[in-house]
Amino acid sequence: EESEMSEDGDPEDKVKTPHTSYAQDARELSGIPEVSFEETMQAEGGKKSIHMQQAMFQNSADMKQAVRAELMKEKGYDVKNFYKQTGLFQWIARHNWFDNITICVIGIYAVWMAIDTDLNQAEVITEAEPIFFVAEQIFCSFFTVELAIRFLAFQWKINCFRDAWFVFDLLLVVSMILETWVMTLVLYFTGEGSTSGLLGNAS
C-alpha cells in the first residue's frame with residue numbers, strides 16, 4: 001500500500017510542482033535562450049552607460065570649442081583676421097618674411113635718415129646729390145608697394161581703417177609721396193627748383 005501511495009504521490013507532486021511551464025516549453029522549441037532578470041538589468045545598464053559616454057563626448061567637444069573661443073579672445077586683435085582667405089596679396093601679407101623684410105627696411109631707412117640729415121645740405125629733393133635722390137625714390141617706392149599689398153589683402157577694404165598701424169603707415173607714406181614725388185614734379189615743371197641736382201643735370 002505504501003508503494004501504491006508513493007506511486008500515487010509521484011504524479012500528484014508532478015502536477016503540483018511542474019519542472020517546466022508553457023512559456024519555457026515555447027522558448028525551448030523556438031531556440032531562444034533563457035535570460036534572467038539580472039542579465040536584463042545589466043544589459044539596460046550597459047545601454048545607459050553608452051548613452052552617458054556619448055553625452056560626455058559631446059559635452060567635451062562643446063567644452064573644447066568654448067575654451068578655444070576664449071583663447072582666441074585672450075590673444076587679442078589680429079589684423080590678419082580681416083584678410084582674405086585666398087589670393088596672392090593675402091598670401092604675401094600673412095607671411096613672416098614679409099613682416100621681417102619690412103622691419104629690416106624700416107631699420108635701414110632710420111639709419112639713412114640720420115645720414116641724410118648730416119650730409120645732405122639741399123633744402124629740397126631736386127637740389128640733392130644723386131645718391132640722396134635715388135635713395136629717397138627707392139624707400140618711397142618700397143613703402144608704397146608694402147602698403148598697397150596690405151591694403152589689397154583686406155577682405156573688406158573699409159576694415160583697413162580699423163587697424164591703427166595701417167592708418168599710421170598710410171599717413172607716413174602719403175607724406176612721403178607728397179615730399180618725394182609730388183613736390184619733385186611740381187618743382188620740375190614749374191622750374192622753381194635748382195639745376196644743381198640730379199634733375200637739373202638730366203635736363
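Predicted model: local features only at pLDDT ≥ 70, side-chain atom pairs only at ≥ 80, totals over all residues.

Reader: Which term describes the relative direction of H5 and H6, roughly parallel or roughly antiparallel?

Author: The two helices pack with their axes 11 Å apart and at an angle of about 150 degrees. Since angles over 145 degrees count as roughly antiparallel, H5 is therefore, relative to H6, roughly antiparallel.

Reader: How many nonpolar, polar and charged residues does the contact of H5 with H6 have?

Author: On the side of H5 the contributors include Phe98, Ile101, Tyr109 and Trp112, while those of H6 include Phe132, Phe139, Phe143 and Arg150. Sorted by class, the contact of H5 with H6 comes to 16 nonpolar, 1 polar and 4 charged residues.

Reader: At what angle do H6 and H7 cross, and how far apart are their axes?

Author: The crossing of H6 and H7 is left-handed. As for the geometry of this pair, the axes come within 10 Å and the angle is roughly 140 degrees.

Reader: What is the make-up, by class, of the contact of H6 with H7?

Author: H6 brings residues including Gln137, Cys140, Ser141, Thr144 and Arg150 to this contact, and H7 brings residues including Trp165, Asp169, Met176 and Trp181. Counted by class, the contact of H6 with H7 has 13 nonpolar, 5 polar and 3 charged residues.

Reader: Is arginine 150 buried or exposed?

Author: Arginine 150 lies in helix H6, and, leaving out residues up to four places away in sequence, it touches Tyr83, Phe98, Asp163, Trp165, Phe166 and Asp169. Its relative accessibility is 10%, and because the limit for this class is under 20%, arginine 150 counts as buried.

Reader: Which residues does tyrosine 83 contact, apart from its neighbours within four places in sequence?

Author: With its neighbours within four places in sequence left aside, the residues in contact with tyrosine 83 are Gln90, Ala93, Arg94, Arg150, Ala153, Phe154 and Gln155.

Reader: How far apart in space are tryptophan 181 and glutamine 137?

Author: Tryptophan 181 belongs to helix H7 and is partly exposed, with a relative accessible area of 28%. Apart from residues up to four places away in sequence, it touches Gln137, Cys140, Ser141, Thr144 and Met176. Tryptophan 181 and glutamine 137 are 44 residues apart in sequence, and their C-alpha to C-alpha separation in space is 8.0 Å.

Reader: For the chain as a whole, what share of contacts between residues at least 6 apart in sequence joins residues at least 24 apart?

Author: The chain has 8 helices and 0 strands, and 21% of its 203 residues count as buried. Among the contacts between residues at least 6 apart in sequence, the share that joins residues at least 24 apart is 62%.

Notes: Residues numbered from 1 in each chain as written. Heavy atoms only, no water. Contact = heavy atoms within 4.5 Å. Axes fitted to C-alpha atoms, helices over the stretch in contact; angles between N-to-C directions. Helix = DSSP H or I, 4+ residues; strand = E, 2+ residues; numbered from the N terminus. Parallel < 35°, antiparallel > 145°, perpendicular 65-115°, else oblique. Nonpolar A, V, L, I, M, F, W, Y, C, P; charged D, E, K, R; others polar. Buried < 20%, exposed > 50% of the residue type's maximum accessible area, 1.4 Å probe, protein only. Left-handed = near helix turned anticlockwise from the far one by under 90°.
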